[in-house]
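User: I am new to reading protein structures. Could you take me through one, feature by feature?

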Amino acid sequence: MSVFSIIITFAFTGNIVFIQCLGWCPMLHPPKKTGSAIGSACAVVFVMTCSTLVSQVVGRYLLVGPVLSSFRIMCFVLMVTGFLFATERAVRRFWPALRLSLGASIPAVSANCAVLGTVFMSLKNDFSPAEGTLAGFASGLGFLLAVLLMSSIRERLDLENVPRALRGAPIAFITAGLISLGFVALDVALLSHIFG
Amino acid sequence: MLQDFSRGLFTRNPVFVVLIGLCPALAVTVQFVNAVVLGACVTGALLCMGLSVSLLRNFIPANLRIPAVLIMLTALTTATDQLLKATAPVLSSRLGIYVPLIAVNCLILGRAGTFAFTHAPGRTVADALGMGGGFTLALGLIAFFRELIGSGTITFFPASGYGLIALPGLADSPAAVIAGPVGAFLTVGLLMGLFNVVRAVGNRRKAARRTSDDEGEGKTEGEAEGRTGP
């Protein structure tokens, strides 16, 4: 795949949040301020890029064969969790103003499934390590876009008069469904334009 | 102990009320059978994790809880993945990355990290069965509506030809968008809203037999809402 099509595929047509439905724990309580939303999503972009880089090398050259490949899940989960913990510590240490508000309920573990999903998906394709890392970065950009969209829409929704039964999570999901409709439409139109 | 079990099924349902374990609830509910199999995998993992954590809770130091739980759960997930690959390769490929992702399932990590560390094995098993049952019920309900509206069928077995009910009117011209991620979000959102309505009515009434009655009402209402929604 070309560089352009990897970015389009992983950031838009295969968006980690709206198409793959991963990483919903942070999406349900998105940061209120746009600045902290961008900051914490950038931390996730960083973790995604680093962990896809490591997992591409480890998964393609070290953990191969019938026995060793069964250690993949364990290695990747521990690696991703370690990266997330380390990033959270570093952010807390160097930018105390920007708290990682993505992981309010279970610190660091909450963005875990988005990062791990990216790692497994980039390993499923026949990528070179460089392409895989690019895929991880693009997927992180998709996550950043999703956090921005959800946090700004939630900010406006708080002012609206939503029916009581739909307040909170239900209206967030209906919003996400409508956004995802846009992403699904992008798939057909854009890909046929590029490759057709 | 009975309360530990029944709590997870309705009043503290993990998907609709506590809002954890949502990623698989959104992603794999394209077909009824996928949802039930993943629900069973998660229930099994919850049960094993709850039992082992609860038995080992006095031997694991407090600061090593998260690593210990993660390592146990990844080992268990690897075993589940291999088992599914060996016995049901079709289902395994259809569930794809969502089987390895059981290793970071918020529901299992949450229950193993909090409830199992503070309760005896008996109560933990009851809690795991209730939470797993509630999770499977929720996934089954979501998948039922999504498959019914999105492809006009209900699949009970993965093998083709058997256990597949095709509805005459719907199967010819299904609303295919519901089978995609759009339908996942809309169905979960509307069912969650419906669940809130049912809970509010149930709270107001406070009748002893509220659960069975309202679930029956809920299904027909949900279908109507799901159809008019998109």
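User: Where do I begin with a predicted model?

Analyst: Begin with confidence. The predictor gives the complex an ipTM of 0.87 and a pTM of 0.86. Then take each chain. Chain A has an average pLDDT of 83, and 87% of its residues score at least 70. Chain B averages 84, with 87% of the residues at 70 or above.

User: In chain A, which helix has the lowest confidence and which has the highest?

Analyst: The lowest is α2(A), with a mean of 81. The highest is α6 of chain A, residues 129-157, at 91.

User: What should I do with low scores?

Analyst: Here is the general idea. Where pLDDT is low, the predicted coordinates should not be read in detail. In chain A, the pLDDT is below 50 over residues 102-107. That stretch still has 15 contacts in the model beyond near neighbours in sequence. In chain B, residues 216-230 stay under 50. There the model has 20 contacts beyond four places in sequence.

User: How do I read contacts within a chain?

Analyst: Look at how far apart the partners are in sequence. Take contacts with a separation of 6 or more. In chain A, 81% of these join residues 24 or more positions apart. In chain B, the share is 77%.

User: Which residues touch the most other members of the largest nonpolar core?

Analyst: They are Val115(A), Leu26(B) and Ile142(B), in a core of 116 residues. The helix that gives the most to this core is α8 of chain B, residues 121-150, with 15 residues. Now follow Val115(A). Setting aside neighbours within four places in sequence, its contacts are Val44(A), Val47(A), Met48(A), Ser51(A), Val80(A) and Leu84(A).

User: How do I read the contact between the two chains?

Analyst: Count residues on each side, then ask which elements supply them. Chain A brings 34 residues and chain B brings 31. On the chain B side, the elements that give two or more residues are α2 (22-27), α4 (65-87), α6 (106-113) and α10 (181-205). The largest share of that side is 11 residues, from α10(B). By class, the side has 22 nonpolar, 8 polar and 1 charged residues.

User: How do I check the length of a helix?

Analyst: Take α4(A), with 23 residues. At 1.5 Å a residue, α4(A) should span 33 Å. Its end C-alpha atoms are 32 Å apart, so the two agree.

User: Which residues of α4(A) are buried, and what covers them?

Analyst: The buried ones are Arg72(A), Ile73(A), Phe76(A), Val77(A), Val80(A), Thr81(A), Leu84(A) and Glu88(A). Their cover includes α3 (34-62) and α5 (112-124) of chain A, together with α4 of chain B.

User: Which backbone angles deserve a look?

Analyst: Check for positive phi in residues other than glycine. Cys21(A) is one case, with phi near 60°. Cys21(A) sits in the loop between α1 (3-13) and α2 (24-28) of chain A. Cys21(A) is buried, with 26 other C-beta atoms within 10 Å. Leu19(B) also has a positive phi, near 60°. Leu19(B) is in the loop between α1 (2-9) and α2 of chain B. With 20 C-beta neighbours inside 10 Å, Leu19(B) counts as buried.

Conventions
Residues are numbered from 1 along each chain as its sequence is written. Chains are lettered from A and ligands numbered from 1 in the order in which they are written. This is a predicted model: local features need pLDDT of at least 70, side-chain atom pairs count only at pLDDT 80 or more; totals for chains, interfaces and linings use all residues. Two residues are in contact if their C-beta atoms, placed from the backbone, lie within 7 Å. Helices (H or I, at least four residues) and strands (E, at least two) are DSSP runs, numbered from the N terminus. Ala, Val, Leu, Ile, Met, Phe, Trp, Tyr, Cys and Pro count as nonpolar, Asp, Glu, Lys and Arg as charged, and the others, Gly among them, as polar. pLDDT is the predictor's confidence in each residue, from 0 to 100. A nonpolar core is a set of buried Ala, Val, Leu, Ile, Met, Phe, Trp, Tyr and Cys residues joined through C-beta atoms within 7 Å. A residue is buried if 20 or more other C-beta atoms lie within 10 Å of its own, exposed if 12 or fewer, and partly exposed in between; C-beta atoms are placed from the backbone. The expected span of a helix is 1.5 Å times one less than its number of residues.
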